[in-house]
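Look at the sequence and the model together. Keep both in view while you read.

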Amino acid sequence: MQQDRSTMGVVVIGRNEGDRLKRCLQSVRGMTDRIVYVDSGSSDDSVAMSRALGVTVIELDLCVPFTAARARNEGFRKLLEVQPTLDYVFFIDGDCEVVAGWPEKAGGFLDKHSDIAVACGWRREKYPEKSVYNMLCDIEWDGPVGETKDCGGDALVRVTAFRQVEGYRPSLICGEEPELCVRLRKAGWRIWRLGEVMTLHDAALYRFSQWWMRMLRGGYAYAQGVDLHGSAPERHWVRESRRAWIWGLGIPAGGLALLLAAGWLALLLVLVYPLQVIRLALQGRRSTRENWWRAAALVVSKFPEMLGQLKFAADRHRRAQSRLIEYK
């Protein structure tokens with residue numbers, strides 16, 4: 001079924017994405033002429049280049065803290081201001097390119113399933129071979145097909161559902177998409193992942209420090225999720241947060257305590273980390289190389305995730321709004 005171009009709009013968000021943004025905008029121009037780009041203080045030529053492509057541009061007020069959630073909400077409002085009869089909005093990050101035909105397929109799917117608020121697909125890394133960290137992102141995007149609990153930054157969203165829950169929570173500096181999905185599901189809507197590639201993502205991660213900050217941001221998001229929706233029955237990201245505390249702080253602290261009490265034999269506790277890597281690698285479903293890198297990353301990531309949890313706790317204690325945790 002061919003999706004009517006007049007029922008769908010696009011919101012692109014970005015900050016200093018350069019050529020990645022240009023490729024993104026070119027990839028969505030063929031699906032609709034209702035495109036809004038929301039810029040979060042870029043210092044490159046993102047704004048001028050977007051306008052040259054005929055895209056409506058919003059430059060966020062520098063006096064208000066930037067968040068992706070706020071940017072998407074602003075883009076949504078602008079789209080509906082220009083075209084109030086839109087049925088769906090496709091949100092996409094500026095470092096991604098949409099696969100030709102996917103939004104139309106997703107729109108057709110939502111047309112047939114009126115109880116589904118969000119349709120997403122698989123995001124794939126464009127250059128997984130360029131670095132281990134890009135490869136790890138590609139593995140991360142490999143979510144199950146069918147009904148799911150949440151989506152990522154690229155997704156086709158039903159306008160009525162988005163309005164019902166009042167959009168993204170603008171104060172969140174990360175993890176805003178799963179949090180939106182929590183509220184959508186509480187309102188009776190469903191989230192669905194189609195078994196097709198949706199977008200190509202250019203993570204451009206080439207340094208360990210970038211990967212570390214990305215994992216720290218994830219730990220911060222887990223802590224925010226628990227703070228907002230951690231109670232039963234949802235228990236949003238409770239398990240992920242608990243793992244970060246156990247593996248990132250609990251085991252090292254326990255090992256140090258045992259070292260003081262029982263001597264050097266307590267260091268045997270450290271063996272739990274390589275054993276966990278082996279267990280996770282043997283459970284992997286990709287190539288041997290990918291499975292071992294994924295397993296090692298899952299174990300090591302608990303340390304920056306724990307630091308992200310601590311950062312959130314400190315921010316909450318100070319009642320401070322954290323700035324974006326950027327890794328590019």
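The report below covers a helix, some charged pairs, one threonine and a surface patch.

## Ground rules

This is a predicted model: local features need pLDDT of at least 70, side-chain atom pairs count only at pLDDT 80 or more, and totals for chains, interfaces and linings use all residues. Residues are numbered from 1 along each chain as its sequence is written, and side-chain values use heavy atoms, with hydrogens and water left out.

## An enclosed helix

Start with helix 7, residues 176-186. Helices here are DSSP runs of H or I with at least four residues, strands are runs of E with at least two, and both are numbered from the N terminus. Buried means under 20% relative accessible area, exposed means over 50%, and partly exposed lies in between (1.4 Å probe, protein chains only). The areas themselves come from the Shrake-Rupley method.

Which residues of helix 7 are buried? They are Glu176, Glu177, Pro178, Glu179, Leu180, Cys181, Val182, Arg183 and Leu184. Gly188 follows helix 7, and its phi is positive, near 100 degrees.

## Salt bridges

The whole structure holds 29 salt bridges. Each is a side-chain nitrogen of Lys or Arg within 4 Å of a carboxyl oxygen of Asp or Glu. Glu17 pairs with Arg20, and their closest N and O atoms are 2.8 Å apart. Both Glu17 and Arg20 are buried.

Arg123 forms a salt bridge with Asp154, with 2.9 Å between the closest N and O atoms. Arg123 sits in strand 6, while Asp154 is in the loop between strand 7 (146-148) and strand 8 (155-158), so the pair ties together parts 31 residues apart in sequence. Arg123 is buried at 10% relative accessible area. Asp154 is buried too, at 2%.

Helix 7 takes part as well. Glu179 bridges to Arg169, the closest N and O atoms being 3.0 Å apart. Glu179 belongs to helix 7 and Arg169 to the loop between helix 6 and helix 7, so this pair ties together parts 10 residues apart in sequence. Glu179 is buried at 1% relative accessibility, whereas Arg169 is partly exposed at 28%. Elsewhere, shared partners join Arg72, Asp93, Arg123, Asp154, Glu176 and Glu177 into one salt-bridge network.

Thr148 lies in strand 7. Is Thr148 buried or exposed? Thr148 is buried, with a relative accessible area of 15%.

What does Thr148 touch, leaving aside neighbours within four places in sequence? Its contacts (heavy atoms within 4.5 Å) are Arg185, Ile191, Trp192 and Arg193. Thr148 and Trp192 are 44 residues apart in sequence, but their C-alpha atoms are 5.6 Å apart in space.

## A positive patch

Now turn to the surface. Arg235, Arg239, Arg242, Arg243 and Arg279 gather there in a patch of positive charge. Patch residues have over 30% relative accessible area and no salt bridge, and like charges are joined within 9 Å. Lys and Arg count as positive, Asp and Glu as negative; His and the chain ends are not counted. For Arg, the charge is placed at CZ.

Which helix gives the most to the patch? Helix 9 (residues 238-262) does, with 3 residues. Arg242 lies in helix 9. Arg242 is partly exposed, at 46% relative accessibility.

Methods. Patch = residues over 30% accessible without salt bridge, like charges linked within 9 Å, V, L, I, M, F, W, Y side chains within 5 Å. Areas by Shrake-Rupley, 256 points an atom, 1.4 Å probe, with all protein chains shown as cover.
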